Amino acid sequence: MWSLLKIRWRCVVNSLQRSRGKNKARRIALLIAILLPFWFTKQNLALFSAWQLMPIDHDLLIGNYVRLSLLALFMLLFFAGISIAIHTHFMAKDLTLLMSQPIPRWQIMAAKQIETALANFLLFLYLGLPALLASGLHHQAGWLYYLMLVPATLLFLLLPTQLAILLSSLMVSLLSYHRARRWAMALFAAVLLLFWGGFYFMQLSRYDPESSSFQLRNLQNLLGFSTGTVQRLFPSAWISGFLSAFMPEGSLSSLWPDLFALLGGVSILGWLAVRASLAVWHRDRHVAVSSKNGVDFSSRISSASDRPAPLMRSLFTKDITLIRRDIRITMQTAIYIGMLCVYSLVMPPIDEKGFSSMLPYVGLGSLAGLIALNLSALLLPFEGLSFIYLKSASLSMRKIVTAKLLTAVAIAGIAMTAALLILLFRQRISLALLPAVWSILLLSICSASAIGLWIGAFYGEFKWERVNHMLTFTGQLFSFVGYALYVFAAALILAGGFYIEMTAVAVFLFLCLSSAVVFCGTLNSFKRLDRIDWSL
Amino acid sequence: MIFTDNLTKFFGQTVAVDSLHLEVDKELFVFLGPNGAGKSTTIKMLTGLLNPTHGHIKIGGIDLHRDPLGAKQLIGYVPEQPHLYEKLTGSEFVLFLADIRRIPRREALRRMQRYFELFELVDVSAGLIEEYSHGMKQKIALVSALISDPQVLILDEPTVGLDPKSAHNLKDLLRHLVSRERTVFMSTHILELAERMCDRIGIIHKGKLLAVNTLDELRRQVASQAGTLEDIFLQLTDEQEPALGQQIFKAR
């Protein structure tokens, strides 16, 4: 089993060492990725210091905060783990090779469990570790606390993973692997949306405009969390209980119940997960395609046109079909659109005068632009290795890039129009404003799409198999930085023009900026695609 | 129809293809070579997927560098690995490629029906490609290359993954295309296939074209009248290999 894990580790190290773009930008991105958890830790520490000044039991509050964070993380790890488990346990390409080797199969599945848990590690690194580190630093814990963090982390990661494997085994026993993975991703996206919606709607200031965003009542509610006995049943309480034994005021004798709970949970769930996944593996594998899945050629030929289909329409239809059938992109886009509509629905009354009257539109435009950016950045790498067929066809890259720009703008544009109409109707704003605002927002969406295409052409992975990484990390970072710079510049121009009462000039400058971004983005994108050496 | 002059490709310091001169016209040309010899790199340059470091390529008299779209219009290409759009159905994929080749929809459907029947794909044509086996994907890649009735058909290991009947049908089809004055350029590892159906053979090794001729001429060239293509291939590429193999077995 150690050999199986070692070889996976070697694969990760090799891919990091030999991956494309081993340059300064990549190093900076990696440095930011490493430093980010420490920055989160610093933020948590600042929060804990602020709580210390309040007339409440701050130690209990910090404990509950850590437990709640870990509980939320546990849920996320569980739901994220289902699709990862379906991939690693049933769809990974190395499984056929491994299963044919003289290795006990339970060892393969156990190694796959650890692989799945480690695949979830990034979530823990950014959402769980900062709270635990800050808690240790705040209580001035000794080195043993930090040492114990390592096994505690592994046990904590394993528990939701094993539950996810159990559920994934059930899903693939009922559905095909691909369909099960699509449903698992949809479930994860829905959970993310629920989390976001929950946090958004739970803000007290949203219902009570007079109150500030800070409420002592909220903290008191958080204090009451530990009184619930149900929370003791969750592994989040076990890990925090286990680690608190290594705090200065903790006693080692109190760690045993939580340690037994963690170890017992991991052992029992691990055994069940191995049995369940092996049971599914030993089942008859699903048949490739239904034998009654043919096209009725005679009726289609008789109704077909004698002319070629319009090229742009074919490219556009193909992209829309691929997006529609890919649950990852569909759910991601649905989440953004959901956020956009909620944003318009819960918007407080807009000021009639002053620059603040523009801010809601800036927010709406930025969110709609984010949808376009995200979509267009993925649309090129989304092609995967199939792009070879477009590249070898007598088809200008300019047309491909334009079709992708149109696809991203169409989807984001429809979402933006819907959100804008909601905003205007809810705020009882004159519809006469609609054409001007709509045009400006659409132009900003076009710019965001162009930035996305630009980044996508340079930082696309062009690998279909890498489910979560169709854009490199550097590419993701650059796309958001590029877009943030554009939004900042556009907002500065519009706000400046508004303040010096030269709105027409500001709009003209905004038009120039956006047109330049669209031109540069699409030009660089198709030039890059033209130049790309297809040494795959 | 295919003309290359001094075609060279460097990957860093490594020469993948070295000063390749080729002329292939209205024939079935088979490109042979050991792994890493430069076959796929040559094919990728012929289809415009890789830019040559030096040299020129002309397809149907059109310079691939100067007028890539015009040259590519004449080419049908079957890559080594059939990486298709997994979320499209087989028929959607073929129709999409017919659209970007500007083939009238009715004609595209007629051709698609014919090829789907030939390769026994009709029953699965409405299923998503992600559910297809490797052989079925390979057949879809073949149909999508044939759908535009190209003047030049370039195939990189086309028989890998095909069932015997489909492989047989493909051989017949390729011969039929050549009889209709099409040019077929094919790389393969299957020497028996090359021996039986090709007009001329090119043998490439370490990026250099060692020999281009008919099988009979090649036999004469290497002075092994009774030898098979395998003997000729081994003699031209690396004479040491069989001896090394025998040594390994003797040592055991």
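Reader: In which strand is the place of B:Ser19?
Author: Start with the term. Strands are DSSP runs of E with at least two residues, helices are runs of H or I with at least four, and both are numbered from the N terminus. The place of B:Ser19 is in a strand of chain B covering residues 14-24, strand β2.

Reader: This is a predicted model, so at what pLDDT do side-chain atom pairs count?
Author: Residues are numbered from 1 along each chain as its sequence is written, while chains are lettered from A and ligands numbered from 1 in the order in which they are written. Side-chain values use heavy atoms, leaving out hydrogens and water; in this predicted model totals for chains, interfaces and linings use all residues, local features need pLDDT of at least 70, and side-chain atom pairs count only at pLDDT 80 or more.

Reader: What is the phi of B:Ser19?
Author: Most residues other than glycine have a negative phi. B:Ser19 is not a glycine, yet its phi is positive. The value is about 45 degrees.

Reader: What is the relative accessible area of B:Ser19?
Author: Buried means under 20% relative accessible area, exposed means over 50%, and partly exposed lies in between (1.4 Å probe, protein chains only). B:Ser19 counts as partly exposed. Its relative accessible area is 32%.

Reader: And B:Asn6: what is its relative accessible area?
Author: B:Asn6 is found in strand β1 (residues 2-11) of chain B. This residue is not a glycine, but has a positive phi of about 55 degrees. B:Asn6 is partly exposed, with a relative accessible area of 33%.

Reader: How many helices and strands does chain B have?
Author: Chain B has 252 residues, and 55% of them count as buried. Its secondary structure comes to ten helices and ten strands.

Reader: Which are the edge strands of the open sheet in chain B?
Author: Two strands pair if DSSP finds at least two bridges between them. Six strands form this open sheet, in the order β6-β7-β8-β3-β9-β10, with mixed pairing.

Reader: Which residue stands opposite B:Leu32 in β9(B)?
Author: B:Leu32 belongs to the pairing of β3 (residues 28-32) with β9 (residues 200-205) in chain B. These strands run parallel and are joined by four bridges. Opposite B:Leu32 stands B:Ile203.

Reader: In β8(B), which residue is the bridge partner of B:Phe29?
Author: β3(B) and β8(B) pair in the parallel sense over four bridges. β7(B) and β8(B) also pair in the parallel sense, over five bridges, and there B:Ile154 stands opposite B:Phe185. The bridge partner of B:Phe29 is B:Phe185.

Reader: Which residues of β8(B) point the other way from B:Thr183, B:Phe185 and B:Ser187?
Author: In a regular strand the side chains alternate between the two faces of the sheet. Five of the five residues of β8(B) are buried, so this strand is largely enclosed by the rest of the structure. B:Thr183, B:Phe185 and B:Ser187 point one way; pointing the other way are B:Val184 and B:Met186.

Reader: What angle does helix α1 of chain B make with β7(B)?
Author: Contact means heavy atoms within 4.5 Å. Helix α1 (residues 39-46) packs on the sheet, touching β3, β6, β7, β8 and β9 of chain B. Its direction makes with that of β7(B) an angle of about 150 degrees.

Reader: Are α19(A) and α20(A) roughly parallel or roughly antiparallel?
Author: Angles under 35 degrees count as roughly parallel, over 145 as roughly antiparallel, 65 to 115 as roughly perpendicular and the rest as oblique. The axes of α19 (residues 434-459) and α20 (residues 473-499) of chain A come within 9 Å and cross at roughly 155 degrees. The two helices are therefore roughly antiparallel.

Reader: How many of the ten residues of helix α7 of chain A are buried?
Author: Helix α7 covers residues 129-138 of chain A. Its buried residues include A:Leu129, A:Pro130 and A:His138. The helix is mostly covered, and the number buried is nine.

Conventions:
Axes fitted to C-alpha atoms, helices over the stretch in contact; angles between N-to-C directions.
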